2 protein chains.
Amino acid sequence: MTVRYRVECAADAIEARARALAVEQSVEMPIEAVRDARVRAEVVGEVLAIDPLPGTPQRFDVVLALAAETVGDEPGQLMNMLFGNCSLQPDVALLDVQLPDAMLERLPGPRFGIDGWRAAVGAAGRRALSCTALKPQGLSAGALADLAYAFARAGIDVIKDDHGLADQPAAPFAQRVPAVQRAIARANREKTNEGGALAGHRSVYAPSLSGGPRRLAAQLGVVRDEGVGAALACPMIVGVPVFSELLRAEAGVPLLAHPALAGHARIGAPLLLGQLFRLFGADATIFPNWGGRFSYPRTQCQAIAGRARAPLGAHAPILPVPAGGMSVERVGEMLGDYGPDTMLLIGGNLLAAGDALPARAAEFAARVAGAFEHHDSRP
Amino acid sequence: MTVRYRVECAADAIEARARALAVEQSVEMPIEAVRDARVRAEVVGEVLAIDPLPGTPQRFDVVLALAAETVGDEPGQLMNMLFGNCSLQPDVALLDVQLPDAMLERLPGPRFGIDGWRAAVGAAGRRALSCTALKPQGLSAGALADLAYAFARAGIDVIKDDHGLADQPAAPFAQRVPAVQRAIARANREKTNEGGALAGHRSVYAPSLSGGPRRLAAQLGVVRDEGVGAALACPMIVGVPVFSELLRAEAGVPLLAHPALAGHARIGAPLLLGQLFRLFGADATIFPNWGGRFSYPRTQCQAIAGRARAPLGAHAPILPVPAGGMSVERVGEMLGDYGPDTMLLIGGNLLAAGDALPARAAEFAARVAGAFEHHDSRP
């Protein structure tokens, strides 16, 4: 595999620094002490290129060839070989990776992808999706269910738990998830029975899965028993091997990846949130959109969305989910940026409407669903 | 719980920035939209202090009170509430946390601690421990077992897998671990049968555990079946919930935490590697010592070691393991810095000795074991 790092280094030291990085991310020992000829030839990392960055004399892109055999086919080990030890070296950032076709095939990738989300909510044609969050944490399961009911009646496509909702005493998972799911199911039935513009629309609930394998197995049991239609998890907190091996394999519903604890990384966000989370099994990826509470620049946001949908072996495209302090006023602009293969997530701005929440949520859902209406009848 | 962050911010904006951080790490929504009185009073984060840093007008320490109820008792959720969302904000670093006694009690903590390591290797009295690593990856299981045999005969206390060794084709876990364990057991028997200075010394093997819960369960089965005496894992790669809930609970042997993927964090290393990994169940914590391949300053290294051993509720102290390009020449100086409650890890420097590896390894083991000999007979 071919890996691109950004390295801060004096020009006269960059060649040695690049070689040291290739050793750190492969055999991790003095190269002269590697006696095995096969290991020297096939396992030790190799410097393919050192590209100076124009205008910044102390910065270089270093491109390494690392042996695919050091990864096997396990997502955690891929993270380890890409950025395990050199994460401890502050002069290095991980920018990008080209995986060989065989590894690309063996990595799990999304099970549902964009089409799976549209099928889950009953979206006709190629339209964008709306998403909101149940919060604040501290509310009871009943209060969260009431909120979910209001959002579902308003026609929001995906109603997710705040990623801070785990298994706290205020709203334990085993109480919260059935209560919320039943409230959403009731709203879905009513929409269809009333036969208006939302007839046939299915809001889908994405509860937040968290904890170790035993807790997660219990939570997945609730998801199955209650017929919940999606799920949310933070790959960098539950661990990417758990995200892939347990959640992706066993949830049986589309997965929404949340970037909590992922942003402290000196790992390019398009690579981590756009491509790697997708390869590990996410069906949609939340990221901080520009102009909100986070400072990711617009070009980077568009690069994340690009990676979520770009060709990637045989893996399905997934939905980019711009979020983080967005407002209903920005729906048009955001859909202009991201197009119809997108899920817009607005949380606090709907809650801030107070008594007008149902109206603002309905406006949000309708604007998102209707934005590409001319596409709708010609899928 | 009381959490200290370092925030880069203009002086006239720091109050608003601190309040926004308190909201981000608690209810994550506009505060005026929180209608529930209990949530406003008990769940919303609170700014306790804003301390300017002398000489740096744009830097402040912001101390927040966050509600313990948002964490419950789950290690992953603790990471989430401490640094989940604000990891995405580059102006914030997590420095420290004071946990309430009740949470401290509920977090698992080390099962074995320093005494457990000494018991495992049969160390009489209060002495430092030696540790080395099996590498490079790419070697066969048999070649790694030969290396382990040499290290065990030399009297090294703990022989760990390189953290890059996972389940690759060159030395699959199910082949490698039995081969290495048997080689070490044979060396241990020979040391005792020969009745020299190493009679009664037990070298302990710490294989690297990796992957998702299914793979880990299979690996733990091998560890148990073969009578392996310790284990290594990377909490930030397998995920802290897995480290606590699965490995700490079920491995049944002392755990060595490896910092791979942990260093990219804007999380204070003494907090993460010293205190949090300990709370999550590590019995020893590897960190990059100063003056090697990594640039952690000496004061930070000593702070990590301090946190590993400082009083922490009822939790046992654990071994700090300075590492990362260390050499046998530095043993005296390192033991002077870290004292007898320490495990020194030297890998590449032993391997670089070539044919003299057994002699250099024996010198390393003897210097570490003998450094505090005057303590030995008075435990």
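Which residues does B:Ala171 touch, not counting residues up to four places away in sequence? In this predicted model, the residues that B:Ala171 touches under that condition are B:Leu139, B:Ser140, B:Ala141, B:Leu144, B:Leu165 and B:Arg176. To find B:Ala171 in the structure, look in chain B at the loop that runs between strand E6 (158-161) and helix H7 (173-194). B:Ala171 counts as buried because 24 other C-beta atoms lie within 10 Å, where the cut-off for a buried residue is 20 or more. As a further landmark, B:Asp225 stands 54 residues away from B:Ala171 along the chain, and the C-alpha atoms of these two residues are 18 Å apart.

In soluble globular proteins, nonpolar side chains tend to be buried together. Here the largest nonpolar core contains 264 residues, and those with the most contacts inside it are A:Ala148, A:Met343, B:Ala148 and B:Met343. If neighbours within four places in sequence are set aside, A:Ala148 has contacts with A:Leu134, A:Ile159, A:Val180, A:Ala183, A:Ile184 and A:Tyr205.

The last stop is the place where the two chains meet, a contact to which chain A brings 76 residues and chain B brings 76 residues. On the side of chain A that touches chain B, several helices of chain A each supply at least two residues, including helix H2 (37-42), helix H8 (213-226) and helix H10 (240-250). H3(A) gives the most to this side, with 6 residues.

Methods:
Residues are numbered from 1 along each chain as its sequence is written. Chains are lettered from A and ligands numbered from 1 in the order in which they are written. This is a predicted model: local features need pLDDT of at least 70, side-chain atom pairs count only at pLDDT 80 or more; totals for chains, interfaces and linings use all residues. Helices (H or I, at least four residues) and strands (E, at least two) are DSSP runs, numbered from the N terminus. A residue is buried if 20 or more other C-beta atoms lie within 10 Å of its own, exposed if 12 or fewer, and partly exposed in between; C-beta atoms are placed from the backbone. Two residues are in contact if their C-beta atoms, placed from the backbone, lie within 7 Å. A nonpolar core is a set of buried Ala, Val, Leu, Ile, Met, Phe, Trp, Tyr and Cys residues joined through C-beta atoms within 7 Å.
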